[in-house]
Amino acid sequence: MFIIGERINGMFKDIAQAIREQDPGPVQEWARKQDAAGARYLDINTGPAARDPLKAMRWLVEVTQEASSLPLTLDSTNYEVIEAGLEVCKRPAMINSVPAEWPKMERVFNLARKYSAAVIGLAMNERGIPKDAESRVALCLELVATADSFGLSMEDLYLDPLVLPCNVGQDHGPEVLLTLRQVKLLASPAPRTVVGLSNVSQGTRNRALIDRTFAVMAIANGLDAAIADAGNEELVEAIATARILMNIDIYCDSYVDVYRKQK
Amino acid sequence: MPFTPSMEKYRSKVKEVVLGATREQGGTRAFTVTVGGETSLPFLHFEGQIAHRPVIGLEVWDVAPADWPACLVPYFEDVFHDPAAWARKGVAEYGVDLIVLQLRGADPDLNDASPEECAGVVRKVLAAVGCPLVVLGCGKAEKDNLIMPAVAEAAAGENLLLGVAEQDNYKSLTAACMVHKHSIIAQSPVDINICKQLNILITEMNLPADRIIIDPTTAALGYGLEYGYSIMERARFGALQGDTMLAMPMIGDIGAEVWRTREAIAPRSEFPSWGDQIDRGILWEATTAAALLQAGIDILVMRHPQAIKLVRQNIDDLMVKSSHAGQANL
């Protein structure tokens, strides 16, 4: 599993201010930090406050690319904003995200085709997030079939079963893990999987512990990527170790360092 | 009916390693040899690039070998006492791509040759041939740590491939390669974890990863070949899947392993049902090499000229791409 570094987000005060003042400093500092800590993509989100979100997205993409060569994940519910970012991405990006809904899927998969981008598909639709694994998998199947009909390869489709905070939706935990296992059987080659890791610990008092425990459990169930803070060292160490125990990476004494450096 | 082979998409490739340096590059070689660069498993041309063909290096000693089987003698007896002539003959008559000079004479129990004497032999062999050179010590770590820095210095800029670095003895050789611009053989004892760790240790000393060749240690057919094969296969899978610390080309010492097996050297009189020893020995070396080619080996170190000829033919055949470029009609 790899980390999509999550810190470049207008929800954070320093980034919101940087966008307002067009100051690349904080954005580039976070980009460098996440890159050095082992992230393999960087998530870019203008946040809700940006006055001109198209301009803000373009600017964030450009200044981030000056500081890191990592590919980007463009995070918005406004597809005009995502396209504005895709236009200036130097490397094939990832679109974050699309639910199993028309006409949103059509818009997003067309964008993916036009810009050779990968797509994060959410296991939800107009009716919200399902309670059980079965309904989640049904929505994932819709995403798989639609992605395939638009010519997207399964290696470029990241299915997100949608994690809920464990203090609110405790019953969702095992359903998410079951979904991760089952969606791998939907196509060959199998589609990829992703979660927004910090959702699981939202509002709890042991956030870091819950995040890394869930990450390890999810890896054991087939998780390929997580949107998370790569600067969280214990999380990165736990992920590197889970990859060894799952026989994904070949063991050597310095395996944690190797994982951090691997792009 | 049209047949479309299923293809793997790998996200990474084996590093390319250049052996030797021409005059413009600071050495004296007539040409360089590049190994590695594969983007798929061995010889799957329909799936990826087999950027460079595997190469064959001839084993040349600095002293006349006392224990080589008689069937090798007719090919080398005129040059056994002259490594430069031996190397020249290997290139001119047996068509090898590289010379693998082994400084056996440095062994304290043999001639105990001095670092200066060893450096002198290397210089002579460099002057005799235009191909890149691999230079190995005598195999005794303490002595090798004395002779290899001298060899590295005497051949500074030639980009020799120097061996061998091991997990508990890699610093001196790595430093010599760094300072005098050579490449290194990282040898591990049939152990993928140590193989990877050693590459990390060497790169942490700042020798670039594209100057490392992996020797995962191989054995002859019938003597654990399959262990070496599995390690090579695993390392290659790792390399293609993005494990940069296993993404180096691989070398194997085939001749030395094969020519001490009973199957290669026992006379027909001892095992009448095994057939003629000369043909059997040649086939034993060629078959061992052919198997390792399928595991992804990039540099084959060999002894018998007839085995070398067979393996070269095998490599020629394996490097031919399918005319259907990924689509065959059945």
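First, the basis of what I present. This is a predicted model, in which local features need pLDDT of at least 70 and side-chain atom pairs count only at pLDDT 80 or more, while totals for chains, interfaces and linings use all residues. Residues are numbered from 1 along each chain as its sequence is written, and chains are lettered from A and ligands numbered from 1 in the order in which they are written.

I begin with chain A. Its secondary structure comprises 10 helices and 8 strands; helices (H or I, at least four residues) and strands (E, at least two) are DSSP runs, numbered from the N terminus. The C-alpha atoms occupy a box of roughly 45 × 45 × 35 Å along the principal axes. A compact globule of 263 residues would have a radius of gyration near 18 Å, and chain A, with 18 Å, agrees. That radius is taken over C-alpha atoms, and the globule rule is 2.2 Å times the number of residues to the power 0.38. Of the 263 residues, 51% count as buried. A residue is buried if 20 or more other C-beta atoms lie within 10 Å of its own, exposed if 12 or fewer, and partly exposed in between, with C-beta atoms placed from the backbone. Among contacts in chain A with a separation of 6 or more, 69% are between residues 24 or more positions apart; a contact requires C-beta atoms, placed from the backbone, within 7 Å.

Chain B has 11 helices and 12 strands. Its C-alpha trace spans about 65 × 55 × 35 Å along the principal axes. For 330 residues the globule rule gives a radius of gyration near 20 Å, and the 20 Å of chain B agrees with it. Buried residues make up 47% of the 330. Residues 24 or more positions apart supply 69% of the contacts in chain B with a separation of 6 or more.

Where the chains meet, the contact takes 9 residues from chain A and 13 residues from chain B. The chain A side consists of 4 nonpolar, 2 polar and 3 charged residues. Here Ala, Val, Leu, Ile, Met, Phe, Trp, Tyr, Cys and Pro count as nonpolar, Asp, Glu, Lys and Arg as charged, and the others, Gly among them, as polar.

The largest nonpolar core has 185 residues, of which I95(A), V119(A), A226(A), I99(B) and L162(B) touch the most other members. Such a core is a set of buried Ala, Val, Leu, Ile, Met, Phe, Trp, Tyr and Cys residues joined through C-beta atoms within 7 Å. Neighbours within four places in sequence aside, the contacts of V119(A) include I95(A), V108(A), F109(A) and A112(A).

V108(A), F109(A) and A112(A) are also among the buried residues of helix α5 of chain A, together with M105(A) and L111(A).

Now back to S97(A). A cis peptide bond joins N96(A) and S97(A), with omega about 15°. Another cis peptide bond joins W102(A) and P103(A), with omega about 0°, and P103(A) is placed in the loop between β4 and α5 of chain A.

Which phi does L162(A) have, positive or negative? The phi of L162(A) is positive, about 70°, although the residue is not a glycine. L162(A) counts as buried because it has 23 C-beta neighbours inside 10 Å. In chain B, F43(B) likewise has a positive phi, of about 65°, without being a glycine, and F43(B) lies in the loop between β3 (33–36) and β4 (55–61).

Definitions and conventions:
Two residues are in contact if their C-beta atoms, placed from the backbone, lie within 7 Å.
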